[in-house]
Amino acid sequence: MAVGDTQIVEYINTDWVVFDKSGNALTPVMNGNSLWQSLTGTLCATQDSGDPVVQWDAVAHRWLLFQNVFLTPSPYAVCVAVSQTASAMGSFYVYQFGVPGNGFPDYPKIGVWPTGYFQANNNFGVNLSGFVGAQVCAYNRTKLLAGDASAEQQCFQLSANDYSLLPGDLDSPTAPPTGQDEFYIGSMGSVDNAHLSAYSFHVDFVTPANSFVTGINNSQLLPIASFNYSCVSQTGCVPQKGITDLLDSLGDRLMYRFAYYNDTSTFPSPKQHWFVNFDVTASGGQGGVRWMEFTTPQSVVQPTALAIQQQGTFAPDRKSIRLNSS
């Protein structure tokens, strides 16, 4: 779900709907792939795989909807829709991109950044043949916003030790310093329980050979307070009150989003801020939310400059619920 100037868009599994800010539905519930019907005969028009993401580009005042096509067997695709105005009830520019290497593009996450729209997928190989590692992609934001069918996609395949990455996502009305690359964070627990891995994506759509990614294979570690994992299971391990059925957990990864906020000069000490959270087992044995804020100075920095400003675990009592939303 994302919040725009006057509307809220909710995109769940294979359906989406537009609300006003009082909660009134402005549209009927629509099929996810209804956005791409003008791309007649394409995967984006004929398939509706789910696992979508909706974002609001607060700088351009446009809606951004992504959905991967990952129904087996391959091929797979990335479907992108960008509203032509600030209203999600109007027309959209729509695009279909391929998946480099044709690996199953699981767990897609999207970040809005001045240099592009950025995506992270977990690549599980052709026809789910095995985990290959995180794949990160950049999309030409300028062209997508203009409806330019020549909009490019640039992707990098990371190692099998890199997984479940979150791209930085701009929240503030103030943009990052000019020239600041997009950062990713993730690979929780790949090294130990006291570090997260940081990555950067420098994209050059004019000269693609100049594009590069740093941090592959957990080569850029950020020290954090140590943590105890919450239960990790996709077959059920989270108790529910009053029934015996157990909920699945995503306790092995960070939770969307990796939110970015740039202070302005009105703050006492302007900084760049990145925020993220995940779920842990708290000191009382209950599930809790581990949250953290990274900051850097107001200048172009590398991801290794990210430093903990503050962090903590929210778990006020044994009735706390685990935050497992992705």
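The side chains of Asn 68 and Asn 121 make a polar contact at 3.1 Å. (A polar contact is a pair of N or O atoms within 3.5 Å; within protein, one must be able to donate a hydrogen and the other to accept it, and residues adjacent in sequence count only if both atoms are side-chain atoms.) Keep in mind that this is a predicted model, where local features need pLDDT of at least 70 and side-chain atom pairs count only at pLDDT 80 or more, while totals for chains, interfaces and linings use all residues. Residues are numbered from 1 along each chain as its sequence is written, and side-chain values use heavy atoms, with hydrogens and water left out.

**Around Asn 68**

- You'll find Asn 68 in strand β6, which covers residues 62–69; strands (E, at least two residues) and helices (H or I, at least four) are DSSP runs, numbered from the N terminus.
- Asn 68 is buried, with a relative accessible area of 1%. On this scale, buried means under 20% relative accessible area, exposed means over 50%, and partly exposed is in between (1.4 Å probe, protein chains only).
- A polar atom of the Asn 68 side chain also sits 3.1 Å from the backbone oxygen of Pro 105.
- Leaving aside neighbours within four places in sequence, the residues in contact with Asn 68 include Ser 49, Gly 50, Ala 77 and Val 78; contact means heavy atoms within 4.5 Å.

**A salt-bridge network**

- The whole structure has 5 salt bridges, each being a side-chain nitrogen of Lys or Arg within 4 Å of a carboxyl oxygen of Asp or Glu.
- One of them joins the side chains of Asp 169 and Arg 257, at 2.5 Å from N to O. That pair ties together distant parts of the chain, with Asp 169 in strand β13 (residues 166–170) and Arg 257 in strand β20 (residues 255–262), 88 residues apart.
- Arg 257 forms a salt bridge with Asp 171 too, and the closest N and O atoms are 2.9 Å apart. Asp 171 is in the loop between β13 and β14 (182–186), 86 residues from Arg 257.
- Put together, Asp 169, Asp 171 and Arg 257 are linked in a network of salt bridges.
- How buried or exposed are they? Asp 169 is buried at 2% relative accessibility, Arg 257 is partly exposed at 28%, and Asp 171 is partly exposed at 37%.

**Another salt bridge**

- Arg 253 and Asp 252 meet through their side chains in a salt bridge of 2.9 Å, N to O.
- Arg 253 counts as buried because its relative accessible area is 9%, while Asp 252 is partly exposed at 22%.

**A sheet of strands**

- Strands of a sheet pair through backbone hydrogen bonds, either parallel or antiparallel.
- Here, an open sheet of 4 strands runs in the order β1-β2-β3-β4, with antiparallel pairing; two strands pair if DSSP finds at least two bridges between them.
- Its edge strands, β1 (2–3) and β4 (30–31), each pair on one side only.
- Strand β3 (residues 15–20) pairs with β4 in the antiparallel sense over 2 bridges, and Trp 16 stands opposite Met 30 in β4.

**Out in the open**

- Ala 149 lies in the loop between α2 (141–146) and β12 (153–157), and is exposed at 74% relative accessible area.
- Phe 275, in strand β21 (residues 272–281), is partly exposed at 34% relative accessibility.
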